[in-house]
Amino acid sequence: MSELCFDNVTVRYGRTTAVDGVSLTVPGGEVVGLVGESGSGKSTLARAAVGLAPLTSGRITLDGAPVPTRGRPRPLQMVFQDPYSSLDPRMTVGGSVAEAMPPGGTRAERRAEVERLLDLVHLDPVCADHVPSRLSGGQRQRVALARALAARPRVVIADEITSALDVSVQGAVLNLVRELQRELGLTILFISHNLAVVRYVASHVAVMRHGRVVEQGPTSRVLTAPDHDYTRELLAAVPGRTTRRSQP
Amino acid sequence: MQGRWSRVVRTPVGLTATVLVVAVVALACLGPVLWGAGADAVDTDDILAGPSAEHWAGTDNLGRDILLRTLVAARLSIVLALLAIAIAVVAGLLLGSAPFVLGRHAGRVVTAAVNIAVAFPGLLLALFFAVVFGAGATGAVLAIGLAGAPAFARLTQTLVAGVAARDYVAAAGMAGVGRIRILFRHVLPNIAEPLVVNTTIGAGNALLAFAGLSFLGLGVQSPSFDWGRLLYDGIGAIYVNAAAALTPGAAVLLAGLAFNLFGESVAKGLGVPVGVGPRARASAPPAPATAPEPAVRDEDVPEPSSDVVLDVRDLEVTFPGPAGPVRLVRGVSFEVRRGEAVGIVGESGSGKSMTALAITRLVADHGRVDASRLDLLGTDLLAPDTAVRRRMLGTSLAMVFQDPMTSFNPTRRIGAQLAEVATHHQGLTRREAMARAVDRLTAVRIPDADRRAGQYPHEFSGGMRQRAMIGMGLMGAPALIVADEPTTALDVTVQQQVLDLLGAIREADDVALVLISHDVTVVGEVCDRVLVMYAGRVVEDLPAADLATAARHPYSRALVDAVPDMSTDLTKPLATIPGRPVSPADAPPGCAYADRCPLADARCRTEDPPLVADSRRHRVACWHAGEPLPADLSADDLVETVESL
């Protein structure tokens, strides 16, 4: 179980500050939800952690050491929002998963590992020989999860992984996230704009706005007794809490 | 891949081009073997002769047969052209992928250099290189090859940049795969098709350029000869023997045409069938269609009363598919009353958006819309278009699309785009229309509407743009607003503002609303009545207040249970729906949901249940409506159902 720590992280693109002095800890073995509107900097924070966005200042550490962003192994993996763009359309599912695995092992061992990973995310191992276009969005997102797990990560960042999925498969992916956290003791930073989804998977939650974390704490506390006005505003905006039907 | 190449050959143009290319290549291989001796046979008795039975295209100044020389010259011409294009492609690929491998800063230098090189006309570069390398075949090959390289480099660069931005490249990088390996494994295979196409077309152009250089005396030198050289020799005697110049000219023309046409048909045939997203999939049904089964007639639609705004009966939307027509909407009937809000929910591919497009008459041209009745305020929407009808539609029907980024013309000011509706449909002057536009923008709560009307769409935020879009619908006096996922692209807080606005408009003017959404919570919050669609049919039609508690169709119930809300039990796994949605293209003869339904039996698989009213204003299409679902699945069962997903 590893702890991911953002220490006063700032990311600037030219004159815009996407992330502004964010300090956030993802405790080992926990799921931390990160919520906020688009442009609040939550995705940039995630991309900075895996080296896809340049840090202007601050430190991102994994168990006290900086997160490696070159070579292998890569103990921090990310799952992307759009399962239609995150898998190479010309590579078999097995190939994509195997690519992320640490090098070494015989062909048979690697194949067995691919099948074990697909089984872990509840996909039929025969899928290993399929190309992504034969899979549904939900199945692709499972492959993306299996690929992230193939790198034997200590922490996984899930960036809006259910927002491109149909509601009927969103539930299955959320169940899977909870199961992986419970069974593998995985540390997960779960980014979403959907408070109901975050409430369901995360034990802690951080709220971002304009590049800053405005509130963080245990999910049960933040979502029932929020301290910050913006959190209250977000909570009030969750659909289904009011009704605007016409009067009969 | 096999199938797509055969698709290239199957079109008339593709077939012709393929035959031509094969013929040209065969000629290049066999020509010198068959006619090499004849082409070099000097006959001093018969020099500069015109066409005759013996020499079809006449002879040159040494009495050699021009037709045979043209046929023999094919090999050199083609080989040189292919060498030149090979140089162009290799140099182009190296330069074009360099920015990806080198990283941001060094990459920028390469990009700038390529951009400068692209600015020079190709022929000018070719002439420049030809002078540098000296006249002769080698020089000409290098010249044409290097002159073609910048354009290829530019193309490669653009394509590489497009693929490099995709998440799978980021994912491979995150797994620790090196840049060069990513280039060969993920990037190049995914840009191969446009490159192949451009290479083929480039080969044709290289052939022409070569003939040009040889014709100018900068290419192939005697005693070797290619088509350009023959053209150069023949042109001097054009008034004596026109065939001497026309024959090699025709050869250049034919071969060039062959390569270019082949490239074009390859481009057309190899359309990239890469999945891009659920919305794109929904509009392009790939699977074979079954024969249209007898439509299930939905019963018990009450006769329309006077306050009905929209009346839809037996709506069918059909698109041609590769294996016959595909019915995306299959017999949908409903009505919307004045001031009523009707929600349509369903997964992607359920036909909900197509229903909206059919109502607003925006179904693409090759789709067919049929209905026994499709009336808006008593006007038949299926009747032929007239000016009066267009005006009626333009002012009494408003449509709001999902993506506020693409629903405005980015080059025109917001105010002018709104005003256009009024000048076009209501005959207002430009000044009056502009005043109304500002008034409407105020009505949709755009602050400082006067100034905002003069701004361009990119100066508006997403939420403001969506409100302006609604404002555009309000330029007339709409009786019905059709909104297709109007808040899906917006943040939750902005979503609330837009929903508030739609609610206020409905209340103020008794406007009816058809709200299409995948989000059952949004629909439950806004609408009076909900239609649940599955595989192109309405499977349940019920009051929105009952959706969470009294839905009777197993699919509606599963849809509601699958979505977590702020009161979901955290100790239990979420309900899931096993299997995948049926594409309307291969809807089974029975109930389309049967394969995923825990209650399905033999009857469900053979007979499609009709949509029948089972209580006041509650219609459901299910043989087992309202029956209790099998007791809550244990965690183990759940894993099994999930596996089949």
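Reply: Two strands pair if DSSP finds at least two bridges between them, and strands (E, at least two residues) and helices (H or I, at least four) are DSSP runs numbered from the N terminus. This is a predicted model, in which local features need pLDDT of at least 70 and side-chain atom pairs count only at pLDDT 80 or more, while totals for chains, interfaces and linings use all residues. Residues are numbered from 1 along each chain as its sequence is written, and chains are lettered from A and ligands numbered from 1 in the order in which they are written.

Me: What makes strand 1 and strand 4 of chain A a pair?

Reply: Five bridges join strand 1 (residues 4–13) to strand 4 (residues 57–62) of chain A, and pairing asks for at least two, so the two strands, which run antiparallel, count as a pair. Within this pairing, C5(A) has T61(A) of strand 4 as its bridge partner.

Me: Why do strand 2 and strand 5 of chain A stand at the edges?

Reply: The open sheet holds four strands of chain A in the order 2-1-4-5, with antiparallel pairing. Strand 2 (16–26) and strand 5 (65–66) of chain A each have a single partner strand, so one side of each is left without a neighbour in the sheet.

Me: What makes a residue part of the contact between chain A and chain B, and how many does each chain give?

Reply: Two residues are in contact if their C-beta atoms, placed from the backbone, lie within 7 Å, and 56 residues of chain A and 59 residues of chain B take part. Helix 5 of chain A gives the most to the side of chain A that touches chain B, namely eight residues. For the complex, the predictor gives an ipTM of 0.86 and a pTM of 0.79.

Me: How do you know that helix 6 of chain B has close to its expected span?

Reply: The expected span is 1.5 Å times one less than the number of residues; helix 6 (residues 137–164) of chain B has 28 residues and reaches 39 Å from its first C-alpha to its last, close to the 40 Å expected.

Me: Where does helix 6 of chain B bend?

Reply: Taking the angle between axes fitted to the seven residues ending at a residue and the seven starting there, helix 6 of chain B bends by about 30° at A149(B), with a proline, P150(B), following within four residues.

Me: How confident is the predictor in chain B?

Reply: On pLDDT, the predictor's confidence in each residue from 0 to 100, chain B averages 83, and 91% of the residues score at least 70. Over residues 272–301 of chain B, however, the pLDDT is below 50. Where pLDDT is low, the predicted coordinates should not be read in detail.
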